[in-house]
Amino acid sequence: MFSPTLKHTLLALCISLPVASASLVVTYAESPNEVNSTLSGTSVFNFNNLSTGTHENVEWSGVGTLDKVHILNADSYGGAVDPGFSTGSPYIVQADFAGVTSTTLTLDAPHAYFGLWWSAGDSQNILEFYSGITLVGRFTTATLLDRLATDDSYLGNPRDRDLNSGENYAFINFFGQEGTTWDRIVLSNGPGSGFESDNYTDRAAPWNPETDGPMPGKPLEASPLQSGLAG
């Protein structure tokens with residue numbers, strides 16, 4: 001969530017790696033009303049079994065550990081559509097008001113796919129992928145979701161498009177290509193807003209067109225990782 005004047009400034013890709021790498025991170029958005037990935041063979045962590053408030057060292061069985069999470073009940077800014085919850089499911093937030101401004105998911109092994117329902121995207125939301133100490137990819141809501149700006153069907157909470165109708169909501173897929181993997185994912189947020197998300201989705205194996213078919217969703221970005229900062 002963020003102030004209305006910044007609602008339409010959403011997700012830019014800013015990727016940096018050592019010069020030797022030429023790998024790719026490809027991002028795809030699912031259809032506007034989809035709150036889960038359509039990729040098969042994934043593991044999903046939906047936060048539905050966690051009470052509201054802050055939790056530390058949360059285990060995602062078979063995937064890794066989340067160092068600190070803050071859970072909220074569904075509201076206009078977050079909480080995915082879920083058949084078990086009439087008004088939306090619990091969701092995770094990084095925000096000053098929550099006392100948790102950063103969450104790190106440490107994976108048990110290198111993985112090549114991650115997805116999440118990125119709700120109420122604003123310019124303070126930051127998502128970073130690391131392999132060891134190397135920054136593989138850094139995404140903010142400055143241009144990635146901005147690529148959805150011409151499609152009004154992503155505006156507003158899909159439970160009711162009149163809820164927070166000035167911000168985009170989309171399930172975003174991140175695919176490691178050409179051998180790109182990561183073993184740590186960091187979600188963080190600046191002051192004055194919250195990074196709301198839900199339905200974290202993981203798969204160790206990279207996308208394989210022969211077994212997975214076309215990449216699911218709407219293409220947003222497919223860029224070679226540029227030389228620059230190490231993590």
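User: How much of the protein is buried?
Analyst: Buried residues, meaning those under 20% relative accessible area with a 1.4 Å probe and protein chains only, make up 53% of the 231 residues. This is a predicted model, where local features need pLDDT of at least 70, side-chain atom pairs count only at pLDDT 80 or more, and totals for chains, interfaces and linings use all residues. Residues are numbered from 1 along each chain as its sequence is written, and side-chain values use heavy atoms, with hydrogens and water left out.

User: Which residues touch the most other members of the largest nonpolar core?
Analyst: F114, L116, L127, F129, F174 and Y200, out of 32 residues in that core. A nonpolar core is a set of buried Ala, Val, Leu, Ile, Met, Phe, Trp, Tyr and Cys residues joined through side-chain atoms within 4.5 Å.

User: Different topic. Where does H55 lie?
Analyst: H55 is in strand β5, residues 53-60. Strands are DSSP runs of E, at least two residues, and helices are runs of H or I, at least four, numbered from the N terminus.

User: How many helices and strands in the protein?
Analyst: One helix and 16 strands.

User: And what is H55 in contact with?
Analyst: L50, D67, K68, V69 and I71, leaving aside neighbours within four places in sequence. A polar atom of the H55 side chain also lies 2.8 Å from the backbone oxygen of S51.

Terms used
A polar contact is a pair of N or O atoms within 3.5 Å; within protein, one must be able to donate a hydrogen and the other to accept it, and residues adjacent in sequence count only if both atoms are side-chain atoms. Contact means heavy atoms within 4.5 Å. Buried means under 20% relative accessible area, exposed over 50%, partly exposed in between (1.4 Å probe, protein chains only).
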